[in-house]
Amino acid sequence: MQKFQKRQKMLTNPVFISICVMCALCLLRCNVMLAILIGTICAVLSSKIPLGDAINLFINGNPENAGSLGMGGNLETALSYLLLGVIASAISKTNLTAILVRAVANLISDKKYVFIFSIAFFACFSQNLIPVHIAFIPILIPPLVKIMNSLKIDRRAVACALTFGLQTPYMALPLGFGLIFMGLIEKNMNANGIAVSLSDISSVMWLSAVPMLAGLILAVIYYRKPREYAETKQSLDAHFSELKMGMHEWGALAGIAVCFAVQIWIKSLPFAALSGILVMLASKGIEWKKLDNVFDEGVHMMGYIAFLMLIAAGYGTILKETGGVDELVHVASTLSGGKLGGALLMIGIGLLVTMGIGSSFGTIPIIATIYCPLAAQLGFSTAATIFIIGVAAGIGDAGSPASDSTLGPTVGLNIDGEHSHIWDTCVPTFIFFNIPLIIFGIIFSMML
């Protein structure tokens, strides 16, 4: 009877209701931004937050909670996307991408699988070696759509390859975004009574690459059948043989190099993007008379995803402020029934939270407070606790309609309107990455 009441309490939890509504609307092809806003309203109505307070929290956050910033929580990220969109727009007005496409086309010929795995390999660099996250996608992917069409590649496989490259490196390697991710785990575990170092975390989290790689291989196998797409003028125009590097191309390349270098040096992506734009202007990569047009196209290219990230941050704040996250974790912990059940519930709840927030990084502070004492109570080792928290935070980044790890691939692959965000990016990445993460996450946590 008591367990039934606890299950009933979970089903009436505002976070549970909100995320289920959001995911259901997305699967029914509702606009992602509208689905998140409706999910936010559901969370407010099923909690005790007054509507006026909820609007203020959504926009401004909670000043008493440093981790609750409202829409401003993703302000720097949104600004980064907008400025990087300007760089992408500037590059698209040169022959730089066409020259790159020609080189890639000559390299891969008819090697379909080499193409897909190469996309995954180069996407990994965006998290560590040159940490610009999804900014490379609108620059590199749209010109490659013609090659995908000629090879009859199912773009769902390419979406999985891109998401693999966007998520695996930060979960598995302590470099670039991975250093931030593992630093958050270290900070929050130490704050909740478990002393760990960065080396402790990196010595365990590399295992997360195993299920991700398995998922990528399975996705490529499953989507191996040829798929044809309608040709449009966005995916055509392929007379590259006469193209050469000129002043505009070298200027654009200089801007890219400066953007990458400044980002690594200053560790500020908006400042790095602005520096790249200024270098492009100075070196004729962007013509002064076309500056307004470049900015307009750049904002159009990345404006939707930038604003969606702001909305997702406000949504995450509302979920935290309902008090439903802690309640959900507490109720689930009493239903765990030992280490196996505990691992499944902790990873499962991490999936639910990250799916809603759309940010693995934002999930860590939410779950660590409860997971550290719970894992100790259930008898998990420190290494197992690290792995559970890391996987519970990372799982859901793939498949979440609000995550930049799914939004980014869609921006690049839907250049001709032939690629659905939900059914061609979110659903495939959810199946082929989240399910292996659950299975391997439980197995490894029991072994560590």
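This is a predicted model: local features need pLDDT of at least 70, side-chain atom pairs count only at pLDDT 80 or more; totals for chains, interfaces and linings use all residues.
Local features are reported at pLDDT of at least 70 and side-chain atom pairs only at pLDDT 80 or more, whereas totals for chains, interfaces and linings use all residues. Residues are numbered from 1 along each chain as its sequence is written, and side-chain values use heavy atoms, with hydrogens and water left out.

We may start with the interior. A nonpolar core is taken as a set of buried Ala, Val, Leu, Ile, Met, Phe, Trp, Tyr and Cys residues joined through side-chain atoms within 4.5 Å; buried means under 20% relative accessible area, exposed over 50%, and partly exposed in between (1.4 Å probe, protein chains only). The largest core has 106 residues, of which Phe115, Val158, Leu162, Phe181 and Tyr371 touch the most other members. Helix α9 (residues 155–172) gives the most to this core, with ten residues; helices are DSSP runs (H or I, at least four residues), numbered from the N terminus. A separate core of 21 residues includes Ala90, Ala273, Met280 and Val294.

Turning to charged contacts, the structure contains five salt bridges, each defined by a side-chain nitrogen of Lys or Arg within 4 Å of a carboxyl oxygen of Asp or Glu. One of them joins Asp416 and Arg155 at 2.8 Å, N to O. This pair links distant parts of the chain, with Asp416 in the loop between α20 (404–413) and α21, and Arg155 in helix α9, 261 residues apart. Both Asp416 and Arg155 are buried. Arg155 also lies over the face of Tyr229, at 4.0 Å from the ring centre (criterion: NZ of Lys or CZ of Arg within 6 Å of the ring centre and within 35 degrees of the ring normal). Asp154 is buried at 3% relative accessibility, while Arg156 is partly exposed at 23%. Asp154 and Arg156 belong to a salt-bridge network with Arg227 and Asp424.

Finally, there are eight aromatic pairs, counted when ring centres of Phe, Tyr and Trp (its six-membered ring) lie within 6.5 Å; planes under 30 degrees apart are stacked, over 60 edge-to-face and the rest tilted. Tyr222 and Tyr223 have ring centres 5.1 Å apart and planes at 85°, so they are edge-to-face. Tyr222 and Phe432, at 5.7 Å and 50°, are therefore tilted. The latter pair connects helix α12 (residues 209–222) with helix α21 (residues 421–447). Tyr222, Tyr223 and Phe432 form one aromatic cluster, in which Tyr222 is exposed at 58%, Tyr223 is buried at 6% and Phe432 is buried at 11%.

Key
Helices (H or I, at least four residues) and strands (E, at least two) are DSSP runs, numbered from the N terminus.
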